[in-house]
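Please read them with the structure open.

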Amino acid sequence: MLDVCVRRRQGNFTVDATFRSEAACVTALFGRSGAGKTSIINMVAGLVRPDEGHIIVGGRCLFDSKSTIDLPPEKRRVGYVFQEGRLFPHLSVRSNLTYGMRLTPKPERYVEFDQVVNLLGIDHLVDRRPAKLSGGEKQRVAIGRALLTSPSVLLMDEPLASLDFARKAEVLPFIARLAGEFSLPILYVSHSLEEILNLADVMVVLDSGRAVASGTIEELMSRRDLQSLTGYTDCGAVISTVVESHHEAAGLSYLRFQGGVLKVPRLDVSIGSRVRVRIEARNVAIALVSPEQISVQNILPGTVEEITNGNGSLVDVRLDIGCPLLARITPMALSTLDLKPGMRVFAIIKSVAVSHGIL
Amino acid sequence: MSWFSLTPVEIDALKLSLWVSGWAVAVSLPFGILAAWGLARLRFPGKSALDGLIHLPLVLPPVVVGYLLLVLLGNRGILGAWLHKTLGITIAFTWKGAALASAVMAFPLLVRAVRLSIENVDRGLEAAARTLGAGPLRVFFTVTLPLVVPGVIAGAILAFARSLGEFGATITFVSNIQGQTQTLPLALYTLTQIPGGERAAMRLCVIAVALGMAALVASELLARRYAARMES
């Protein structure tokens, strides 16, 4: 469990963030560059001292201005993966990996060397020097080095930012597996919503040092007031699903989510994998009765929750189909259907963007 | 007598020079690294005063440094008298004094080289080591120090070469006693003062040049080797 409440003035800039999340989930700190993401993660690591507040990880207090607890970084047992990797250039990959491991008392180790090396696919690199590694390899080694300290939380500061598209695709799946594999909470800093949609369960949105919202990805992505911060020009809902089955003949994969099943074009992932989809509001239409003889595959029953006037020409309707879904319709359609909160309707989903690997 | 058979006096001077310079570097190295680290990384009152004090031998006439050492550490000096009485240690007019004079004169060169390379160490690497569970002392010995090895080598060799050439402070502090404090430059100076000493003086001159060159080459080779190790 992660419980962070920190305040710090740095010049004219004030970082003021409070958030908490449950065990073994990925919490994303999201915001533009300069929003204070790295400052917050450095405070958790003990590299920057908050003026006041507290930081509690897994029930252990790392910092508390009231009881003047301030553990030095080496006592915090956080695994920190930096944007630039920061591998020690004078040590071999193996010595880099074991640097923190050897400093962790044996009874506290829960991560095995071989396990990490296999998971990250870096066993063939251990005898090299960091200078000889590619960007993606460096980041995988950096992740391994942090993991091998058997940390109580893994901090990742834009670990993919310095990588090109192909290298990102190479590292991302490894990160996605970490939280589950080691049941380890992860605090993930990024300004890329795509990365966050792929990885995170909980998101904290930062704007000029302040945490303006926090909650599950599904919850936050359907909030219109955060739209300017999340940066998507088209608003839409994000839904977490599990691959239920593949239907080769129909060319479809069925994704189960809280409100039922979504049918999407055949995905190249194994059954049971977690997949997140994004449905843009303009790709959702509303019908009062279930339409028949229609080419659209996904028609789901739901309830109207909230109707908000967009900027003049269009209206956003928030539906509950077991999870939030946004539909963008014309005021004309709104009055014709006479939509009111609480009404039972059908959502006609014209297109589903699947966020698997990289959106 | 062939050109390059050395007389006992010359051999004494050469041996003594290497011995004195070796000790000068060995003893000043830990202090030099500590001072360089302090100047590069710490903020404390009187830092510029300390910086100035360390660099003073670079701008003072060496004779002044030698004289100050004599005043301080001579057998009747402020510290020297105490050392002599309580510990029975004599520094002035011994090889130890020569080593000390060389060390003081070479210290700024050593500190400069090491400080520059400490300032070049990515502090992010040190922060990373902290998060991996290493305390500040361990970070210094396992991350900072290995990364400044090229600077330490360069500084040590520069200081060694400077010590080999030390003249003014040495002759003032410990005088010119053959076999005890007569290092290569002092022997060379003595030879130039006596009639017929030109040939011997030239031999010592060649040796001095060779030693200096060897030091520079060694420094370059070691630095290259270290750089190559980081790459492989």
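1. The model is predicted, so local features need pLDDT of at least 70 and side-chain atom pairs count only at pLDDT 80 or more, while totals for chains, interfaces and linings use all residues. Residues are numbered from 1 along each chain as its sequence is written, and chains are lettered from A in the order in which they are written.

2. The phi angle of Ser183(A) is near 35°, a positive value in a residue other than glycine. Ser183(A) is exposed because 11 other C-beta atoms lie within 10 Å; the term exposed applies at 12 or fewer, buried at 20 or more, and partly exposed in between, with C-beta atoms placed from the backbone.

3. Ser150(A) also has a positive phi, near 50°, and belongs to the loop between helix H4 (135–147) and strand S8 (153–157) of chain A. Ser150(A) counts as partly exposed because it has 19 C-beta neighbours inside 10 Å.

4. Turning to the contact between the chains, 19 residues of chain A and 16 residues of chain B take part, two residues being in contact if their C-beta atoms, placed from the backbone, lie within 7 Å. On the side of chain B that touches chain A, helix H6 (123–131), helix H7 (136–147) and helix H11 (198–231) each supply at least two residues, and H6(B) gives the largest share, six residues.

Notes: Helix = DSSP H or I, 4+ residues; strand = E, 2+ residues; numbered from the N terminus.
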